[in-house]
Amino acid sequence: MKIIVFAKQVPDTTEVKVDPIKGTLIRDGVKSIMNPEDKNALEAALQLKESHNATVTVITMGPPAAEAILRESLAMGADEAYLITDSLYAGADTLVTSMILAEAAKLVGYDLILTGRQAIDGDTAQVGIEIAEHLGIPVVAYATDISISGDSVVVKREIDNRVEVISTKLPCAITCSKDMNTPRYMNLYDLFGCYSKEIKILNNSVLNFDKTKVGLVGSPTKVRRTFTKGPKGEGKVFQGDVEESVEKVMNVFAEVLNIH
Amino acid sequence: MIMVFCQQDDGNLHRVGLELLSKAVELAKDIDAKVTAVTVGSDISHLATTLTQYGADRVILVKSELLEMYNSDLYTKALSEVVEKEKPEIFLIGATQLGRELGPRLAARLKTGLTADCTHLEIDKETKLLLMTRPAFGGNLMATIVCPNHRPQMATVRPGIFEPHTSDTVKSAEIVEYTPSISFEDARIVVEEFFEKVREDLDITQAQVIVSGGRGVGSAEGFEKLRELANLLGGTLAGSRAAVDNGWIDKDRQVGQTGKVVKPKLYIAIGISGAIQHLAGIQEGTYIVAINKDADAPIMKIADLGIVGDWQPIVNGLIKKLSKKASKEDDYEMARS
């Protein structure tokens with residue numbers, strides 16, 4: 001069984017804070033990491049490697065520096081790693097990113113594709129699902145458990161207030177939630193080995209897209225502007241008796257939480 | 001045309017669909033468009049009346065026995081057929097987890113853009129494009145996204161942002177029943193079983209509702225009251241540094257610069273004055289309710305709703321009201337089973 005894990009290098013957004021007075025992003029000293037739920041996907045793949053004799057390929061798209069998360073993946077036990085990097089691909093939105101990744105998947109070959117549920121910088125949760133759609137394979141999002149026997153796949157997942165047990169067949173894609181497992185640390189043996197392994201590069205001379213179809217130019221969506229909300233405006237302040245106060249708060253529960 | 005996907009479950013409409021219908025009515029005025037509500041399922045004809053009341057000019061009931069329960073393969077096929085036939089300018093979907101799985105499947109199949117989890121929508125006066133604003137970077141940054149050349153312009157929209165309104169006048173709408181060309185074989189995934197999730201006490205960084213207490217709560221017993229309120233809201237308990245220092249709450253439940261950064265939908269700050277260090281722990285997009293004796297406390301300036309008063313009778317009042325609702329729901333469940 002051949003497993004592809006798609007991973008993304010992201011800024012550690014838990015370290016990014018907003019200055020509550022100026023309303024600006026404090027980005028100083030924020031480090032780049034492997035997106036946490038992609039690490040859960042990799043862990044799931046490595047467990048399947050052990051139990052099902054699978055091979056694990058990790059693929060990322062990004063600038064050359066994104067190689068760091070591929071080295072980390074190899075040090076955790078992945079078998080091979082690909083870096084998709086081309087200045088033509090810069091600024092790609094989720095549709096174009098997933099199209100490029102799907103093309104890479106076709107090239108590399110796969111039975112199972114695993115990704116994290118969502119990345120902590122964009123929070124879109126779209127790329128893994130869209131890869132599957134480009135490839136025409138089934139996909140299950142938000143998985144918390146995967147079991148495979150032959151080409152039968154059983155996935156447990158949490159969706160809204162429900163737990164579902166879903167069956168499907170290989171080839172398929174699964175997006176993994178952080179509740180699935182606890183990712184292992186890099187091991188010493190692989191840590192030394194990871195620098196001798198080759199990181200394979202995929203650029204547009206290999207993937208061969210029409211350059212008007214990729215990157216920012218090819219992306220359906222464009223960012224018009226970004227902003228921090230700045231210091232918050234004054235809200236409503238209410239002073240009244242207990243009953244009125246309770247009523248005010250109950251209205252908020254209805255509005256924000258749909259509790260009626 | 002603006003199309004709104006109105007999710008239903010067991011013949012009941014999810015509130016977010018109605019929120020989006022009302023918003024669509026507003027947006028439609030700016031681009032001189034009609035609003036179409038689409039709902040998918042098996043036994044759904046009775047929903048047309050409600051969808052009309054909330055502003056749909058046209059209701060499309062996508063009906064099939066195969067669609068009785070959500071199946072992403074079948075829903076994607078059925079809805080992409082409808083979109084290709086109707087060619088809406090804008091297509092809105094509630095950003096429930098279901099919507100956030102269905103949205104990308106549809107967008108990729110229709111080869112168009114999708115903006116996830118929007119919190120603000122408006123029409124650009126000049127270009128007439130939909131301006132879709134969403135939080136990114138862990139909620140620290142807002143981004144406004146457009147989709148200039150691909151149709152439909154698609155967005156999933158966070159529940160609870162817009163207010164659902166019924167139309168003031170008696171409205172009629174065109175009701176269309178649509179039978180999609182789907183078959184059992186189109187379902188490559190099969191939901192073998194499902195059950196309702198058991199509520200658990202969440203990690204505060206993942207909680208959707210947080211009831212948080214500070215120095216003003218005054219005691220560990222006070223925090224038991226807050227916990228009761230949190231449980232009734234399906235939320236979790238947190239506190240300020242003062243509460244931790246006093247030993248009323250565990251350190252791993254501290255919100256703020258030296259604690260954790262939280263991003264719930266609703267943050268209820270009780271007896272918390274709102275020092276900058278505390279406020280730094282609450283991310284953008286959170287609705288903040290503050291209950292505090294001091295009308296001049298800094299938290300009152302940042303709260304969406306500040307209630308001036310003694311927290312105890314107010315929290316007791318809330319617990320009483322919410323318990324009543326909960327027991328009514330239990331009766332209802334019993335009656336159904």
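**Entry 1: the two chains together**

I started with the interface: 85 residues of chain B are in contact with 79 residues of chain A, where contact means heavy atoms within 4.5 Å. The model is predicted, so I kept in mind that local features need pLDDT of at least 70 and side-chain atom pairs pLDDT 80 or more, whereas totals for chains, interfaces and linings use all residues. For my own bookkeeping, residues are numbered from 1 along each chain as its sequence is written, chains are lettered from A and ligands numbered from 1 in the order in which they are written, and side-chain values use heavy atoms, with hydrogens and water left out.

Next I looked up the buried area, which is the accessible area (1.4 Å probe) that two parts lose on being put together, summed over both. Between chain B and chain A about 7600 Å² is buried, and carbon and sulfur atoms give 59% of that. Which three residues supply more than any others of the area that chain B buries against chain A? I found Gln97(B), Phe137(B) and Lys197(B), with 9%.

**Entry 2: salt bridges**

I searched for salt bridges (a side-chain nitrogen of Lys or Arg within 4 Å of a carboxyl oxygen of Asp or Glu). I noted the salt bridge of Glu133(A) with Arg105(B), whose closest N and O atoms are 2.9 Å apart.

Helices (H or I, at least four residues) and strands (E, at least two) are DSSP runs, numbered from the N terminus.

**Entry 3: a helix pair in chain A**

I then turned to helix 1 (residues 36–52) of chain A and helix 2 (residues 67–76) of chain A, which pack at an angle of about 30° with their axes 11 Å apart. Axes are lines fitted to C-alpha atoms, for helices over the stretch in contact, and angles run from 0 to 180 degrees between N-to-C directions. Helix 1 of chain A and helix 2 of chain A are therefore roughly parallel to each other (angles under 35 degrees count as roughly parallel, over 145 as roughly antiparallel, 65 to 115 as roughly perpendicular and the rest as oblique). I listed the residues that make the contact: Lys39(A), Leu42(A) and Leu46(A) of helix 1 of chain A, with Glu72(A), Ser73(A) and Met76(A) of helix 2 of chain A.
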